[in-house]
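Hi,

Here is the structure I promised to pass on.

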Amino acid sequence: MNFDFSPEQEQIRRTIQEICRDFPNEYWQELDACRSYPEQFVDTLTQGGWLAALIPEEYGGIGVGVLEASIILEEINHSGGNSAACHAQMYIMGTLLRHGSEDQKRRYLPAIASGDARLQAFAVTEPNAGSDSTRIETRAVRQGDEYIVNGQKIFISRVQHSDLMLLLARTSPYDENNRAGNLSVFLVDLEDAGDSVQAVPLETMVNHETNVVHIEDLHVPIENLIGEEGQGFRYILSGMNVERILIAAECIGDAHFFIEKATEYARERAVFGDPIGKNQGVQFPIAAAFAQTEAADLIRYKAAARFDAGHKVGPEANMAKYLASEASWNAANMCMDTYGGYGMAVEYDIERKFRESRLYKVAPVTNNLILSYLGHNVLGLPKSY
Amino acid sequence: MKIVVCVKQVPDTAAKVVVENGQVTWGDAPLVINPWDEYAVETALLQEEEHGGEVTVISVGGEDAKEALKHALAMGCGNAILVSDPSLKNADSLVTSQVLAAAIQKIGDVDVVFFGKQAIDGDVGVTAAQTARVLGWPSLTLVSEITELDPGSKTISVERSVEEGRQVVSGQLPAVVSVVKDIGEPRYPSFMGIRKASRAEIPMWSIAEVGVEVSEPVVEWPDLFNPPKQEVVTEIVSGGSPQETAETLAEKIIEEKVL
Ligand SMILES: Cc1cc2nc3c(=O)[nH]c(=O)nc-3n(C[C@H](O)[C@H](O)[C@H](O)COP(=O)(O)OP(=O)(O)OC[C@H]3O[C@@H](n4cnc5c(N)ncnc54)[C@H](O)[C@@H]3O)c2cc1C
Ligand SMILES: Cc1cc2nc3c(=O)[nH]c(=O)nc-3n(C[C@H](O)[C@H](O)[C@H](O)COP(=O)(O)OP(=O)(O)OC[C@H]3O[C@@H](n4cnc5c(N)ncnc54)[C@H](O)[C@@H]3O)c2cc1C
């Protein structure tokens, strides 16, 4: 077994670290305070081709593996930044790449690769369908050469910073015996959609542009249906493993951020005449967070390497997201404790990263649902839903 | 226009360089492109963008110097050449400049050669001037701005950053130019650049292939030692208004006779 990185992977890591040094914590603090989008950061990444990592070269992308892509996102979060504003540009196109027609790929992928078209919105969740996506109610009805879509989505991120949105909608009624077989996926051009797609911002705990999306008589031409009608849910599931691995890497980056911050602080902050890190009550949680993060990182690399080698990695990808998000959340709490009151002060960045890292226990899928997946699909235990 | 950039592979700035058993070592800290040379690469790429042509990056060094060359390729240079030879193990800047000059001659029809201001390990800062001398070309060192470069009329005008201020100098091409920070921030390597660079086969030239007879090194390093440890006493001046703190601090500085 080989745990070494190639020189190219090392250079990817170094270059992202170099780029992130130009976007210091003050940059992220300011964005967080006024809840705005990291335009300049996203532009820099786009220009360097970083967000086109997973698009094959023949469509104008870079064509590296998930492992390399995950290093990019890890280092952004490790630096104190937040990849959430742009990670979706990397992976939402996967559905199009794997299941779209050649014509659709030629039409959209080069523009996505160059950043001329931002595909960062992926609309699945609805008020009455969160964890149980097969229950969505947004309807797409075929009428001649188009589909007419009506419905409502919630928590849909980055709609206002996207040109294109991937949309999951119902094309035939819910069927208990075929839950996954009556949904379809569409690529919606938000400019063409005009007023028929209205995104209303939803304030959340994190600076994450997320919205309630009202869809009213949206006309989607049939050439924007991806793959076959009724197969949409399966297509989306096939892209989830990549998303899980990338999110896991972001969590690992967050965890390293917290561990480094805590270590540095524990070494320098003197209380009762000694550095606080000398006390095992402070030191051991840091060491434990470190061990936990390293363990989660191993499964993240296993999932990534095996995915890139063409294997099925459902269990590994899910475990990676689960373990890494738990590790980063544990590290976040540990760091808060280490910093005492200062952890709450905005200028130290701990409270911001604390909020940001908490999200990954919930989105894009809750950790309970991951455990359900493992319990049912891997261990053969009865299904709760 | 034909442009050459000379780059060196050096220990990372974060590396702890120490002397152990009479040898300089930086542990397993990574080797990187000399940071000053990134400015030279940036300058070369800007000139290429303006005037067309091609940029070749060369390094004299061991196999590991390929990483510096790959960094330059990832930034956008078209070609890279490594000059490597066991006999160069103890090269000083004279030997290095003879080899660089011969390699530049072998590339042929070169209009301008860019260097960094100095290498952060050796810190000698003379390789550019020595290379110019061997080539017999004008040497324009410590350049902070290229105000004009005309490959047609073979002329170049630059501003040099010297201790007294700025100096405006014009010269003839081909010329050797070393650059300082003010020349402009180096670009990040692009992702595609990194990919291409990692696949690139970098040609290696031996001394025989370059066709040069090098001198014996004239600089010897008879003894290497760590600087003596200095006792540092830290005192934090605090209390009172900023005015009072500043006054106390000023008194202490005067007391210490450091000013
Ligand atoms: C900031 C943010 C951004 C988001 N961005 C997007 C986006 O871009 N696109 C999109 O489509 N969605 C997005 N989401 C939605 C996200 O995917 C959902 O919130 C998530 O899937 C959970 O759904 P829910 O909130 O409806 O929770 P619910 O499904 O209501 O679950 C509530 C709780 O019950 C638990 N639970 C439910 N059923 C079971 C069971 N059988 N066994 C054990 N536990 C169970 C869950 O684990 C959870 O803890 C985003 C959410 C947030 C907060
Ligand atoms: C660990 C160590 C051991 C050494 N041992 C010896 C020794 O045993 N004997 C001895 O005489 N000298 C020795 N040197 C000196 C070394 O050979 C010189 O440092 C080198 O020849 C050039 O000088 P410089 O690095 O100061 O470069 P500078 O003159 O400061 O470099 C200026 C610019 O020249 C270019 N440049 C410099 N070197 C190269 C290169 N190799 N390839 C391409 N471009 C280059 C770069 O553009 C650079 O920015 C040693 C140096 C080190 C760090």
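Let's start with the ligand. Ligand 1 is surrounded by 24 residues, with A:Val124, A:Gly130, A:Ser131, A:Thr366 and A:Asn368 the closest (a residue counts as near if its C-beta atom, placed from the backbone, lies within 6 Å of the molecule). This is a predicted model: local features need pLDDT of at least 70 and side-chain atom pairs count only at pLDDT 80 or more, while totals for chains, interfaces and linings use all residues. Residues are numbered from 1 along each chain as its sequence is written, and chains are lettered from A and ligands numbered from 1 in the order in which they are written.

In that shell, 13 residues are nonpolar, 11 are polar and none is charged (Ala, Val, Leu, Ile, Met, Phe, Trp, Tyr, Cys and Pro count as nonpolar, Asp, Glu, Lys and Arg as charged, and the others, Gly among them, as polar). Ligand 1 lies between domain 2 (119-230) and domain 3 (234-378) of chain A, because both give residues to its shell; the bounds come from an automatic or database domain assignment.

The centres of these two domains of chain A, taken over C-alpha atoms, are 31 Å apart.

Cheers
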